[in-house]
Amino acid sequence: MLLRDVQVGDVDAYVRMRCDPVMMAELGGPLPREGMADKVRRDAAEARSGTAWIKMIVPDGERPEAVAGSLALWRHKDHGEEIAEVGWMVLPEFQGRGIAKRATAMLLDQARGDDRWAEVHAFPGVTNAGSNGICRALGFRLLGVEEFVWAGRQLRTHHWVILPDKDLKIPPTG
Ligand SMILES: CC(C)(COP(=O)(O)OP(=O)(O)OC[C@H]1O[C@@H](n2cnc3c(N)ncnc32)[C@H](O)[C@@H]1OP(=O)(O)O)[C@@H](O)C(=O)NCCC(=O)NCCS
């Protein structure tokens, strides 16, 4: 498995992830399809410039166009304070194989030693068993429950934080 930067050609994968009611059940419901080509273009530009790390998860390095999901590590304002946040999505046919957990560990491992990502937050929905499981397994610390706005939607989330340099637990491969 490898992680590569998102590219403009990844629009179909974005649509499957972000415009699907099941994929988006814990994220406030599906997003409209119309905005997806623009969103991918903006994400690809940010990934190229390095301001955010926006990656596609590639299960087979020989076929980099075939993706299992995506990950992002970016900085933004939360309650007036700038924080780094990580988020992840894995397509249904790839779920339940440890892919999100391993991909997130790979990304946070790459973030080690970079001041921008010295402390990384995650905000999975309180009922998102998979994502809360990932945070627990990788060494995130639970700070509490928060009301959170994502893509204009009000969500009730757990607030987790990790210091990748100190706390990251890399899961065994296989
Ligand atoms: C949540 C999601 C990323 C999990 O991806 P995945 O590749 O299936 O997750 P993994 O296989 O790496 O599993 C991670 C952990 O969660 C557990 N888990 C995964 N799916 C689960 C589920 N539906 N219910 C309970 N536990 C689950 C796994 O057992 C594992 O825990 P373990 O380390 O104790 O064994 C994926 O289901 C998804 O993209 N869902 C839709 C979008 C979404 O909710 N994104 C997250 C926003 S924060």
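In helix α1, the residues Val11, Tyr14, Val15 and Arg18 meet Met36, Ala37, Lys39, Val40 and Asp43 of helix α2. Contact here means heavy atoms within 4.5 Å, and helices (H or I, at least four residues) and strands (E, at least two) are DSSP runs numbered from the N terminus. This contact of α1 with α2 divides into six nonpolar, no polar and three charged residues. Ala, Val, Leu, Ile, Met, Phe, Trp, Tyr, Cys and Pro count as nonpolar, Asp, Glu, Lys and Arg as charged, and the others, Gly among them, as polar.

The model is predicted: local features need pLDDT of at least 70, side-chain atom pairs count only at pLDDT 80 or more, and totals for chains, interfaces and linings use all residues. Residues are numbered from 1 along each chain as its sequence is written, and side-chain values use heavy atoms, with hydrogens and water left out.

The axes of α1 and α2 lie 9 Å apart, and the two helices pack at an angle of about 115°. Such axes are lines fitted to C-alpha atoms, for helices over the stretch in contact, and angles run from 0 to 180 degrees between N-to-C directions. The crossing of α1 and α2 is right-handed, a term used if the near helix is turned clockwise from the far one by less than a right angle.

A second pair is formed by α3 (residues 99-111) and α4 (residues 129-138), whose axes come within 10 Å and cross at roughly 45°. α3 is therefore oblique to α4; angles under 35 degrees count as roughly parallel, over 145 as roughly antiparallel, 65 to 115 as roughly perpendicular and the rest as oblique. α3 also passes α4 in a right-handed crossing. Ala100, Lys101, Thr104 and Ala105 of α3 make the contact with Ile134, Ala137 and Leu138 of α4. By class, five of these residues are nonpolar, one is polar and one is charged.

The pockets come next. On a 1 Å grid over the protein atoms alone, a pocket is an open set of points where a 1.4 Å probe fits, with protein on both sides within 12 Å along at least five of seven lines; lining residues have an atom within 4 Å of a point. The largest pocket has a volume of about 1,200 Å³, a volume being the space filled by probe spheres set on the points, which are joined across faces, edges and corners. Of its 49 lining residues, Leu27, Gly87, Trp88, Met89 and Ser131 are the closest to the centre. The largest share of this lining, six residues, comes from β4.

The second largest pocket has a volume of about 160 Å³. Its lining has three nonpolar, three polar and seven charged residues.
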